[in-house]
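Here's a quick tour for anyone meeting this structure for the first time. Have a look at the picture, then read on.

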Amino acid sequence: MSAGLSDYDYDLPRELIAQRPVERRGDSRMMVLHRDAQLIEHRQFHELKRLLQPRDLLVLNDTRVLPARRFSDDGTVEFLLLERLGPRRWKCLVKPGRKMRLGASAKIDDVVLQVEHITADGERIVVLDEDVDLYAGGSMPLPPYIRRPSDEDDRARYQTIFAQAPGAVAAPTAGLHFTPKILSEIPHAFITLHVGTGTFLPVRSKNLGEHHMHAEHFSISAEAAKKLNDASRIVAVGTTTVRALESAKRVSGKILAQQGTTNLFIYPPYSFQVIDLLLTNFHLPRSTLLMLVSAFVGRKFLFRAYREAIRERYRFYSYGDCMLIL
């Protein structure tokens, strides 16, 4: 068991952080980890079907990323819109925070936003002097390790082909690799978890047991629940899918159709109850996502795989390559 924050650190050459996706979805590399044999293979994502069994079920997160990044009219403040709380009230993150202290204001499209409250996590509750939809002029909220402004290509590529339910401020990136053809050839079901900032907030406690995740909303339809309960093995596509499924209410081992919230923080030695296989991207050091994958595959084996991925020049993070854990 590894419950210390420093156990989840590693050094990554900066040039391996993917700044753009591969030209065509489906052309990513895919590292395959065989847990039982502790073996590593190097494959391509379009080979996914060959590595699965006929009654395996892919479970994918169909959340849709909102154009949640806005800038003040003078360009000095960046806003990440987290949630519309009601008429004229929004929750957001701001950068730099010193410009938006309690009572401070800025303008977007000539509409004044004033800070009404600052939460313990530094989020701003702002009040607008007009009821407008700030998403209307927003851009895709690319993560900060992508060192360029978002553009028109990102509107399509930082969104899965199956995105349906608007509500996320980050893409469920393991799903970005799928093409309509690849998806159509494998049995699958959709659930929804709206990815919020809690998934990506840094862990500050040296003892992992002291870290608390923000709650995120998820839903599982009756159709998805039936498919899940009929499957021989469940292949979770991405860590957000894992958290939704592992948080889902069950009766006699059967997953129920439901809507709920989860603040489940998965780290070793967590015992998985629902998922059997995992498809995921490569994750940041010290992140809750890396800890979740460590719980599934074992920290030592995972870090051996990451070292090999660095040697083999895999592409990391949101627009990067992926791994399939069997």
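## Before we start

Helices and strands here are DSSP runs, numbered from the N terminus, and two strands count as paired if DSSP finds at least two bridges between them. Keep in mind that this is a predicted model.

## The six-stranded sheet

Let's begin with the sheet. Six strands line up in the order β5-β6-β7-β10-β9-β8, making an open sheet with antiparallel pairing. At the edges you'll find β5 (69-71) and β8 (105-108); each has a single partner strand, so one side of each has no neighbour in the sheet. Going from one strand to the next, the twist averages 45 degrees.

As for what holds such an arrangement together, strands of a sheet pair through backbone hydrogen bonds, either parallel or antiparallel.

## Walking across the strands

β5 pairs with strand β6 (residues 78-86) through three bridges, in the antiparallel sense, and Arg 69 sits opposite Leu 80 in β6. The hairpin of these two strands, β5 and β6, has six residues between the strands, and Gly 75 there takes a positive phi near 75 degrees.

Next comes β6 with β7: seven bridges link this antiparallel pair. Gly 86 has Arg 89 in β7 as its bridge partner. What sits between the strands in this hairpin of β6 and β7? Two residues do, and Arg 88 in the hairpin has a positive phi near 70 degrees.

One more step takes us from strand β7 (residues 89-95) to strand β10 (residues 124-128), an antiparallel pair joined by four bridges. Here Trp 90 faces Val 126 in β10.

Now for a pair of helices. The axes of helix α5 (residues 288-297) and helix α6 (residues 299-311) come within 7 Å, crossing at roughly 115 degrees. On the α5 side, the contact involves Leu 290, Val 293, Ser 294 and Val 297, which meet Arg 299, Phe 301, Leu 302, Phe 303 and Tyr 306 in α6. Sorted by type, the residues of this contact of α5 with α6 come out as seven nonpolar, one polar and one charged.

## What about the cysteines?

How many disulfides does a search of the whole structure find? The count is zero.

Are Cys 92 and Cys 322 buried or exposed? Cys 92 has a relative accessible area of 1%, so Cys 92 is buried. Cys 322 is buried too, with a relative accessible area of 0%. The cut-off behind that word is under 20% relative accessible area.

Methods:
Residues numbered from 1 in each chain as written. Predicted model: local features only at pLDDT ≥ 70, side-chain atom pairs only at ≥ 80, totals over all residues. Heavy atoms only, no water. Disulfide = S-S within 2.5 Å. Buried < 20%, exposed > 50% of the residue type's maximum accessible area, 1.4 Å probe, protein only. Axes fitted to C-alpha atoms, helices over the stretch in contact; angles between N-to-C directions. Contact = heavy atoms within 4.5 Å. Nonpolar A, V, L, I, M, F, W, Y, C, P; charged D, E, K, R; others polar.
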